[in-house]
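Q: Hey, I'm new to this one. Could you walk me through a few spots?

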Amino acid sequence: MTFNAENLLLIGSVLIFISIIVTKRTYHFGIPSLLIFLIVGMLFGSDGLGLQFNNASQAQFIGMMALSVILFTGGMDTRIAEIKPVLWQGLVLSTMGVLLTTFITGLFIYLISGWSAISISMSLLTSMLLAATMSSTDSASVFNLLRSQKMMLKNNLRPMLELESGSNDPMAYMLTIVLIQIISAGEANAGNIVKEFALQFAIGGIAGYAMGKFMVWMLNKIKLTNSSLHAIMLLAIVFITFTVTDLTGGNGYLAVYISGVITGNAKMPFRRETATFMDGLTWLFQIIMFLSLGLLVNPHELLDIALPALLIGIFMILVARPASVFLSLVPFRKMAVKSKLFVSWVGLRGAVPIIFATYPVVSGIEGANQIFNIVFFITLLSLIVQGSSISWMARMLHLDSPMPKEGNDFGIELPDEITSELHEVILGEEHLRAGNRLADMNIPRGSLVILVKRNDQYIVPDGKMELMAGDRLLVMTELDNAPLNLADTAEGKN
């Protein structure tokens, strides 16, 4: 069966529905949800139930749209205050780390391709091209795993890993494109290569910063009253940012990530509604992207390259990634060895390498199908081995910490325009010694108890309300005040 206008909506919806149901069942086993989407696509593909999807260009377009949204949303969720302490580490990993991974892995591929037991034979440039497609950590996989598992890490590792995964795709993309051009043209001009890299980074960075500022200005200036239209307009500007940057010779992936960081750290209306919309859209695009890539591969072809792909994958996990991390972070002597080991382990491959592997296919590079299948196999290996063991590795290295509570039990949040905070306080017997009414309590000036939760009952209080031990108070205070002078009992804070 092939996709057409009549059955696309039905088949696509069924695949998404089944993927979500299976993910729900496998979540407790620590299996990455994105791996499930890939596998579902493979099961329904040409070697499974027979759905035919073999257009690499269409998969590439789907990936471009999906990555634009994923990177922008990841940028929006990146707090500048959190990444400042690890800014240079993240940037070094996303540039020098990618280059080192490409060189080390490419050299290994070239060396083993001459072995008689290995079913691949690649030139040095083709080996480097294969390595370049896999050289970046996958932003979709890293964002998804760290956030879905509610993982809190010590030593600012989480913002560092998210910064690296969000900003290293441009380097891997440029390496892939440049190597394709060199192989196609049959010659390399070092000056042109350096110039192209510089232009891609410069134009991408400037465009991302400018468009991020424009987004914030536009959204605050136009003052839409409909939050849904607000989010949709933001999405339109994201796609404009990517395409305009790409057309002007810059790196669109870098531009959308930087614009997301600028937007996410600025004041704008309907922030919460917009974040909810973008999170939902990110999940949808992730599912569609991974399903499409699962459908695109022919699983029986993976058997032909299983041995070399397994060797390359193991080498990347145990040698190339750790070597590139430790070498890149040499200047940062204060960073603990166990932190570097964990960063080395979170070298997840995912949809991005597979999408980059479609570029040689579309360009007609010799051996491109073999490159695509090897990258797909290694992605499966990475998600299974590394993706399923991140939590375990964090615990083993003693880098995990309790996740702070977000929000409050009342499900109430304040708009960004209100310069106040919500505190949740649980009353004990010691708090009721002076009396059990709100009027008897020493409530600081500028604080207001707006709601009381008693068991499953919510009560709007007044000064005469009698309180009981165990009551939860939702208190709104000015930013500099502590509720009821009981800051040590506050469980949640927004």
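Q: Is His398 buried or exposed?
A: His398 is exposed, with a relative accessible area of 53%. Exposed means over 50%, buried under 20% and partly exposed in between (1.4 Å probe, protein chains only). This is a predicted model, where local features need pLDDT of at least 70, side-chain atom pairs count only at pLDDT 80 or more, and totals for chains, interfaces and linings use all residues. Residues are numbered from 1 along each chain as its sequence is written, and side-chain values use heavy atoms, with hydrogens and water left out.

Q: Where is His398, then?
A: His398 sits in the loop between α19 and β2 (400-401). Helices (H or I, at least four residues) and strands (E, at least two) are DSSP runs, numbered from the N terminus. His398 also has a positive phi of about 60°, although it is not a glycine.

Q: Switching to salt bridges: how many are there in the whole structure?
A: A search finds 4. A salt bridge here is a side-chain nitrogen of Lys or Arg within 4 Å of a carboxyl oxygen of Asp or Glu.

Q: Which residue does Arg472 pair with?
A: Arg472 pairs with Glu424, at 2.6 Å from N to O. Arg472 is in strand β6 (residues 472-478) and Glu424 in strand β3 (residues 420-426), so the pair ties together parts 48 residues apart in sequence.

Q: And is Glu424 buried or exposed?
A: Glu424 is buried, at 0% relative accessibility, while Arg472 is partly exposed at 21%.

Q: What does Arg158 bridge to?
A: Arg158 bridges to Glu162, with the closest N and O atoms 3.4 Å apart. Both are in helix α8, 4 residues apart, about one turn of the helix.
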